[in-house]
Amino acid sequence: TAYGDKSWDRYRLFTIPAVTSTTCAAGLYHDGDFVCVDCGVGTFKAASGTATSCDPCAADTYQDAEGQTTCTDCPGDSTTASDTGRTAKGDCVLGCPEGQ
C-alpha cells in the first residue's frame, strides 16, 4: 500500500468510546437518539441527567410552557382534583369546601 501497513499501527491505540447516553440539562430529556428535547407542557425535569422522559406535574400544579424545571402551584384554594400533568392555569378550579 502507499502508506505501508506499519503506518496505521499508531492509530490503533486510539479508540472512540461508544456513546451510550446523553446527559441533558434540567428541563430536558434524552429522546433515545442522543438528542436532548424540551419537556412538554404538563411536565418538568428538575435536575440534569440521562432520563428518557420528564415527570408529570403533581396534583394541584400545572405547567403551560415547555422545557421547565418546576411546575406552578394552582392559585389560592383552587385544585386540579387530584389530576396530574395539567397544562394550564385554567385546569385549576375552586374545590368545594370539605363536607359539601
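This is a predicted model: local features need pLDDT of at least 70, side-chain atom pairs count only at pLDDT 80 or more; totals for chains, interfaces and linings use all residues.

Me: What makes up the secondary structure of the protein chain?

Reply: Eight strands and zero helices. Strands are DSSP runs of E with at least two residues, helices runs of H or I with at least four, both numbered from the N terminus. The order is β-β-β-β-β-β-β-β.

Me: Why is Thr-61 called buried?

Reply: Buried means under 20% relative accessible area, exposed over 50%, and partly exposed in between (1.4 Å probe, protein chains only). Thr-61 has 9% relative accessibility, so Thr-61 counts as buried. Thr-61 sits in strand 5, residues 61-62. Across the protein chain, buried residues make up 19% of the 100 residues.

Me: Which residues does Thr-61 touch, leaving out those up to four places away in sequence?

Reply: Cys-71, Thr-72, Asp-73, Cys-74, Thr-80 and Arg-86. A contact means heavy atoms within 4.5 Å.

Me: How do you know that Lys-45 and Asp-55 form a salt bridge?

Reply: The definition asks for a side-chain nitrogen of Lys or Arg within 4 Å of a carboxyl oxygen of Asp or Glu. In Lys-45 and Asp-55 the closest N and O atoms are 3.3 Å apart, and the pair is a salt bridge. Lys-45 lies in the loop between strand 3 (43-44) and strand 4 (55-56), and Asp-55 in strand 4, so the pair ties together parts ten residues apart in sequence. Lys-45 is buried because its relative accessible area is 13%. Asp-55 has 34%, so Asp-55 counts as partly exposed.

Me: How many salt bridges does the structure hold?

Reply: Two. The other pair is Asp-91 with Arg-86, at 3.4 Å from N to O. Asp-91 counts as partly exposed because its relative accessibility is 22%. Arg-86 has 27%, so Arg-86 is partly exposed as well.

Me: What makes Cys-24 and Cys-36 a disulfide?

Reply: A disulfide is a pair of cysteine sulfur atoms within 2.5 Å. Here the S to S distance is 2.1 Å, and the pair qualifies. Cys-24 lies in the segment before strand 1 (28-30) and Cys-36 in strand 2 (residues 36-38), so the link ties together parts twelve residues apart in sequence.

Me: Why is the disulfide of Cys-24 and Cys-36 called left-handed?

Reply: The torsion about its S-S bond is about -90°, so the disulfide is left-handed. Cys-24 is buried because its relative accessible area is 2%. Cys-36 has 31%, so Cys-36 is partly exposed.

Me: How do you know that Cys-57 and Cys-71 are joined?

Reply: Their sulfur atoms are 1.9 Å apart, and a disulfide joins them. Cys-57 lies in the loop between strand 4 and strand 5, and Cys-71 in the loop between strand 5 and strand 6 (72-73), so the pair ties together parts 14 residues apart in sequence. Cys-57 is buried because its relative accessible area is 0%. Cys-71 has 18%, so Cys-71 counts as buried too.

Me: What is the pairing of the bonded cysteines in sequence order?

Reply: The pairing is 1-2, 3-4, 5-6, 7-8. The structure holds four disulfides.

Key:
Residues are numbered from 1 along each chain as its sequence is written. Side-chain values use heavy atoms; hydrogens and water are left out.
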